[in-house]
Amino acid sequence: MSNRIAGFSKLSKTEKIEWLLNTYFTNIEASRDLIKQYWNTNEKLQKLHDEFIENTITNYYLPLGIAPNFSINDSLYAIPMAIEESSVVAAASKSAKFWLERGGFKTKVISTVKIGQVHFIYNGDYDKLSSFFDSVKSKLIESTNDITKNMERRGGGILGIELRNKTTDIDNYYQLHATFETLDAMGANFINSCLEQFASTLKDEALIYDKFSEEEKSIDIVMSILSNYVPNCLVRAEVSCAIEDLKSKDIPNPEIFASKFKQAVNIAEVEPYRAVTHNKGIMNGIDAVVLATGNDFRAVEAGVHAYAAREGKYSSLTHCTIDDGVFKFWLEIPLALGTVGGLTSLHPLVKFSLEMLKNPTAKELMQIVAVAGLAQNFAAVKSLTTTGIQQGHMKMHLMNILNQFEATSEEKTNLIEHFKTNTVTHSAVVEAIENLRR
Ligand SMILES: CC(C)(COP(=O)([O-])OP(=O)([O-])OC[C@H]1O[C@@H](n2cnc3c(N)ncnc32)[C@H](O)[C@@H]1OP(=O)([O-])[O-])[C@@H](O)C(=O)NCCC(=O)NCCSC(=O)C[C@@](C)(O)CC(=O)[O-]
Ligand SMILES: NC(=O)C1=CN([C@@H]2O[C@H](COP(=O)(O)OP(=O)(O)OC[C@H]3O[C@@H](n4cnc5c(N)ncnc54)[C@H](O)[C@@H]3O)[C@@H](O)[C@H]2O)C=CC1
């Protein structure tokens with residue numbers, strides 16, 4: 001309890017760091033040096049990063065890698081990926097190269113509708129509430145004119161509002177369920193502003209609705225918030241080719257490969273324990289691009305997994321068919337992304353990543369991100385059903401293990417050569433280092 005502190009947020013950055021070091025660390029000098037080592041020498045840039053969040057003490061680096069050779073609807077892309085896990089960028093790159101020679105990735109945005117809800121409690125007659133809603137619907141929309149006028153000028157805005165009766169779930173619980181088109185913005189702030197205005201107008205109008213009893217007039221707003229479940233903001237990415245065209249260095253027998261690959265996808269469709277790992281592999285690609293482009297990966301993760309469980313059972317996000325000698329593999333996911341707003345014009349590396357992607361619209365970014373997910377899943381399932389995952393993954397992870405043991409450049413060269421013909425496992429690497437150092 002002696003570690004409690006009041007008013008921490010009001011301290012300066014230096015004071016926060018000193019309090020932290022003195023309260024939780026034993027080697028204060030070394031910890032202070034570490035924090036400062038990660039500060040950017042450009043003070044303006046550091047200040048920008050300090051101000052992204054609250055109580056910032058330093059920067060937390062993730063590597064930014066590039067996966068080149070992605071053909072998406074016949075345009076070539078190099079995709080930026082921010083991720084900590086080895087082998088993900090290599091796997092994406094390998095898939096991109098594989099499909100580049102087989103027609104590339106084809107994508108389509110199916111829909112772009114976002115959702116927000118005002119959750120409220122109304123203690124009274126439903127028919128009266130329904131008539132009240134019909135009578136104030138246009139006022140609800142008009143009351144947001146100041147918020148929506150620019151979005152409408154661009155072609156977006158509020159698409160609709162409906163009243164939903166949820167009293168079978170919770171007594172007296174209703175919703176305003178609203179839909180939005182937010183174009184190139186992810187839209188959270190825009191939607192939340194509209195919803196809070198709906199809530200305020202709804203409450204005010206109820207107070208003067210003469211058909212309501214006194215009790216019915218006092219609508220109680222519980223909360224107004226967008227939903228990160230966006231099943232109507234959907235994108236599809238697909239690859240396909242004749243089975244015989246799958247033949248490659250790693251696929252000597254394409255018939256067997258295609259059938260086993262499809263089986264693996266089918267297993268992920270019916271078996272939740274497998275589906276979660278299968279989808280984690282998809283998210284390796286998706287999260288990395290979402291992060292590199294400054295988007296909200298928590299929102300994407302929550303929405304994607306809800307979609308994977310939309311039938312009442314968690315299932316694969318990718319699917320595979322083999323029909324008339326054609327192998328087809330595709331992904332369909334909800335993605336609420338922005339190429340304006342949020343961090344997109346603030347973080348220099350996000351701007352850089354977006355320029356690398358030819359400054360996409362949100363719809364174009366949805367397609368690129370979906371492709372990264374599909375490519376990643378193809379690489380993982382291909383490895384799983386052929387060599388096993390460890391061969392490629394551990395080959396890439398070798399450098400991390402060598403760094404853990406502070407291997408010198410000479411030791412690294414030596415051991416990388418050694419593991420070209422030996423299987424990488426953690427214990428095999430430890431043993432090889434020990435032998436070398438003996
Ligand atoms: C790892 C590879 C790519 C090796 O594959 P490989 O056959 O040893 O690679 P290669 O040396 O023959 O090179 C072929 C291409 O792969 C890429 N590549 C190859 N090496 C590199 C590298 N160092 N840096 C950058 N790119 C690399 C690159 O595109 C290269 O072409 P090039 O550039 O030479 O023209 C392959 O084994 C693979 O795709 N494995 C899958 C790895 C994977 O999925 N990792 C994710 C982590 S595991 C996990 O989290 C999820 C999982 C697997 O559990 C999900 C699931 O269960 O579904
Ligand atoms: N549950 C959630 O997911 C929540 C997320 N957030 C955060 O909200 C942020 C995203 O909110 P936004 O409203 O997207 O960002 P934002 O508040 O930066 O707004 C973007 C604005 O850009 C303008 N704009 C300019 N050109 C546009 C174009 N071509 N298309 C569309 N709009 C254009 C619009 O006025 C739009 O409202 C993210 O940082 C996210 O992390 C905030 C609250 C909740």
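Arg 32 touches Ile 17 and Leu 21, leaving aside residues up to four places away in sequence. This is a predicted model, and in it Arg 32 sits in helix H2, residues 28–37.

**Arg 32**
- Arg 32 has 15 C-beta neighbours inside 10 Å, so it counts as partly exposed.
- Leu 21 is 11 residues away from Arg 32 in sequence, and their C-alpha atoms are 7.2 Å apart in space.

**Helix H9**
- H9 takes in residues 254–270, 17 residues in total, and its first and last C-alpha atoms are 24 Å apart, close to the 24 Å expected at 1.5 Å a residue.
- Phe 257, Ala 258, Phe 261 and Ala 268 are buried in H9.
- Looking down the axis of H9, the buried residues fall within an arc of 95 degrees, so they line one face of the helix.
- That buried set packs against helix H10 (272–292), strand S9 (318–323), strand S10 (326–334) and helix H13 (362–385).

**Around ligand 2**
- There are 21 residues around ligand 2, and Leu 183, Ala 188, Asn 189, Gly 341 and Gly 342 come nearest.
- Sorted by class, the shell has 9 nonpolar, 9 polar and 3 charged residues.
- Ligand 2 lies between domain 2 (64–110 + 234–386) and domain 3 (114–227), because both give residues to its shell.

Terms used
Residues are numbered from 1 along each chain as its sequence is written. Chains are lettered from A and ligands numbered from 1 in the order in which they are written. This is a predicted model: local features need pLDDT of at least 70, side-chain atom pairs count only at pLDDT 80 or more; totals for chains, interfaces and linings use all residues. A residue is near a molecule or strand if its C-beta atom, placed from the backbone, lies within 6 Å of it. Ala, Val, Leu, Ile, Met, Phe, Trp, Tyr, Cys and Pro count as nonpolar, Asp, Glu, Lys and Arg as charged, and the others, Gly among them, as polar. Domain bounds come from an automatic or database domain assignment. Helices (H or I, at least four residues) and strands (E, at least two) are DSSP runs, numbered from the N terminus. A residue is buried if 20 or more other C-beta atoms lie within 10 Å of its own, exposed if 12 or fewer, and partly exposed in between; C-beta atoms are placed from the backbone. Two residues are in contact if their C-beta atoms, placed from the backbone, lie within 7 Å. The expected span of a helix is 1.5 Å times one less than its number of residues. The arc is that of the directions from the helix axis to the C-beta atoms.
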